[in-house]
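The following exercises concern a predicted model. Please study the sequence and the structure, then work through each solution in order.

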Amino acid sequence: MAINKVRLHNIAKRLLNENIFQMCRKYYLKTFEPYSRLSHAYLELSTVCNLDCLMCSLRENLKERGTMSLETFKKLENALPGLKSISLHCNGEPLVNRDIIEILSFARKTNPRLDISFSTNGMLLNPALSAHLLREGLDGISISLDGARKQTYEKIRRGACFEKVIENISDFIEQKKKIGNRIRKIGITAVASKENVHELPDILELAHRLGANYFKVNGLVPHKRELAEQILYNDTYQQVNSEYKRIFEGLEKKAREYRMDIVLPSLRFSPVDYCELNSCLVNWNGDVSPCYLLSYERPYYYFNQYEQYPRIVFGNILTADLFDVWNTVEYASFRKNLSLGKIPGYCEKCFLQGCVL
């Protein structure tokens, strides 16, 4: 989501009640970002990660491990000019991929107007790598920071070092100042749970001090029963937790003072009655999936009820152009049904469309 969209989103959310806001959102998507038009692609540069975070189901459930080769990425050469934006991340840590600079360079040369961003845990950043990323024309970066204190952060991001990630964020922003890169978004992202909800204001303040201009809070997708006890959101029929609501309102107020863009998850899970799917995910091996929740089989708990996401694949860019895969009868029918509200069982409890991510 571009930063100007974030601002419009937040203004509308403040002015309208939840139901009217969702109606306006649905109208906007169907009018300006319909399911028939592929505008964004998530590109899974790696299914490998250097950390073992508490909330991540990757290590336990994703069996195939690998990194996207430059040769595989180049199969997107004909598709990149037709896209508005790409994200060079999905399930793993993108900086594990040693071809990331060449991949970024190829994407930028193929489509100079393409918006290119990625999310990272930040542990593998260093001044030289940051300089390369900026010189090749990166538009946005989001770095995960789930605690404002060493103990909280390292408990959640197992294998990480708080001091190191802070140093790497600072170095990246210093490199940006030196190089004068056009990068528009330097964001800090946190996955909110009962473990860290009271530190969110401090994380926002730390992000501001470091020089970030964007703060995003994601909800938790619990893949274990014990994690289901850590969620902040309630189901449709329960009252929103007043304490969490107060914290979120304080975050919005403080972000306005800091002139930072902010995206917060809903504290109430919204029923999924449609999905205007105008993006896709290209797995590291070239397989094309509808979204990251359907890119590999994984369990999850929907308010303590065990469920499972299946792996859905509609084609592979090694054997067909991305837009040809997008326009296959099966894929087009899948997206049309979602847009019409014909939701398959495995999508009914979608955390993305449920607005808690």
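**Exercise 1.** Leaving aside its neighbours within four places in sequence, which residues is Arg-311 in contact with?

*Solution.*
Step 1. Locate the residue: Arg-311 belongs to the loop that runs between strand S11 (305-309) and strand S12 (315-316).
Step 2. Once neighbours within four places in sequence are set aside, the contacts of Arg-311 are Asn-285, Asp-287, Leu-294, Ser-295, Tyr-296 and Glu-297.
Step 3. Examine the polar atoms. The side chain of Arg-311 makes a polar contact of 2.7 Å with the side chain of Asp-287. A polar atom of the Arg-311 side chain also lies 3.2 Å from the backbone oxygen of Ser-295.

**Exercise 2.** Determine whether Arg-311 is to be classed as buried, partly exposed or exposed.

*Solution.*
Step 1. The relative accessibility of Arg-311 is 33%.
Step 2. Buried requires under 20% and exposed requires over 50%. Arg-311 therefore counts as partly exposed.

**Exercise 3.** How many disulfides does a search of the whole structure find? Account for the result at Cys-275 and Cys-350.

*Solution.*
Step 1. The search finds 0 disulfides.
Step 2. For Cys-275, the closest cysteine sulfur is that of Cys-350, at 6.4 Å, which is too far for a bond.
Step 3. For Cys-350, the closest cysteine sulfur belongs to Cys-291, at 6.0 Å, again too far for a bond.
Step 4. The cut-off for a disulfide is 2.5 Å between the sulfur atoms.
Step 5. As to accessibility, Cys-275 is buried at 9% relative accessible area, and Cys-350 is buried at 10%.

Conventions
Residues are numbered from 1 along each chain as its sequence is written. This is a predicted model: local features need pLDDT of at least 70, side-chain atom pairs count only at pLDDT 80 or more; totals for chains, interfaces and linings use all residues. Side-chain values use heavy atoms; hydrogens and water are left out. Helices (H or I, at least four residues) and strands (E, at least two) are DSSP runs, numbered from the N terminus. Buried means under 20% relative accessible area, exposed over 50%, partly exposed in between (1.4 Å probe, protein chains only). Contact means heavy atoms within 4.5 Å. A polar contact is a pair of N or O atoms within 3.5 Å; within protein, one must be able to donate a hydrogen and the other to accept it, and residues adjacent in sequence count only if both atoms are side-chain atoms.
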